Every structure is written in structure tokens, then in C-alpha cells.
Amino acid sequence: MAGIEELSPAAGPVETRPPEGEIDEDEDEELDETIMERLWGLTEMFPDTLRSAAEVTASGSVTVAKKLYSFSRAALWVGTTSFMILVLPVVFETERLQLEQQQLQQQRQILLGPNAGMSGGMPGLMPPAPVKM
């Protein structure tokens, strides 16, 4: 046992490490234990009711996540195919009609001049006369 004189501040720094020959070799070795084994070992400190409740909660969460994933896949498939079958033909037809009208407008401008496209009536007809009151 160290005396009081050895531990006083006047005695200087005290060596706290054991000499090299006395260090255990076991401290430097790494444990060959996986994370799952370590977690399983830690579960022993909890009561059985808490462990079973955690197991039920975890398995229920996994089941709900799987069902939600399956439902979202099915809903996405139904929504995508319905959109392609019901909406895309209407969009394509509307675009085609707009393109046809634009081509007719260009033909009118080429045949009848730049002002022919501006008139609201039929090509070749005179605009209506203004009405006097």
C-alpha cells in the first residue's frame, strides 16, 4: 500500500500503469461475437412479458409494412394502367385536333394573305358591316 508521502503533490507524478510484464493479454483480444449475439444476450435482462410484447410489436410492424407495400404496388399498377387507357387517348386526340386547326390556319394565311387568319368568319367572305344606331 502506498504511503501518504508517496501520494502527496510534492512527491511528483505517480505511475498508474502496471509494468509491461503485468498487463493481461486478454484485454487486447477482440470478442468473436456478432451484433445479433450481443443483442440476444442483452435481452436476458428484460422480463419475459416485455420481450414477448416487443416480439409481437416487431412482427406486427413487419406484417403491416409488407401489406402496405403490396397494396401500394397494386394501387400504382391500377392507377397507371387506368390513366394510360382512359386519359392518354383523349390527350393525344386533343393534340391532334389542335395541330389540324393550326395547319388549316397556316393554309388560309398562305392562300388568302396574312389577314385571312384573323377574321372570325369563313374564308373569302367579307366581315359584317357595322350597325349604325
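**Salt bridges and a nonpolar surface patch**

Arg38 is partly exposed, at 45% relative accessibility (buried means under 20% relative accessible area, exposed over 50%, partly exposed in between; 1.4 Å probe, protein chains only). The model is predicted: local features need pLDDT of at least 70, side-chain atom pairs count only at pLDDT 80 or more, and totals for chains, interfaces and linings use all residues. Residues are numbered from 1 along each chain as its sequence is written, and side-chain values use heavy atoms, without hydrogens and water.

The side chain of Arg38 forms a salt bridge with that of Glu33 (3.2 Å, N to O). A salt bridge is a side-chain nitrogen of Lys or Arg within 4 Å of a carboxyl oxygen of Asp or Glu. The count by this rule is four. Glu33 is partly exposed, at 37%.

Asp48 pairs with Arg51 in another salt bridge, with the closest N and O atoms 2.3 Å apart. Asp48 and Arg51 are three residues apart in helix H3 (residues 48-86), so about one helical turn separates them. Helices are DSSP runs (H or I, at least four residues), numbered from the N terminus. Asp48 is exposed, at 55%. Arg51 is partly exposed, at 31%.

In helix H4 (residues 88-112), Glu100 and Arg96 lie four residues apart. Their side chains meet in a salt bridge (2.5 Å, N to O). Glu93, Arg96 and Glu100 are linked in a salt-bridge network.

Ile35, Met36, Leu39, Leu42, Met45, Phe46 and Leu50 make a nonpolar surface patch of about 760 Å². Patches are made of residues with over 30% relative accessible area and no salt bridge; like charges are joined within 9 Å, nonpolar side chains (Val, Leu, Ile, Met, Phe, Trp, Tyr) within 5 Å. Accessible areas come from the Shrake-Rupley method with a 1.4 Å probe; for residues, only the protein chains shown count as cover. Helix H2 (residues 35-42) gives the largest share of the patch, four residues. Ile35 is exposed, at 65%.

Note on methods:
Helices (H or I, at least four residues) and strands (E, at least two) are DSSP runs, numbered from the N terminus.
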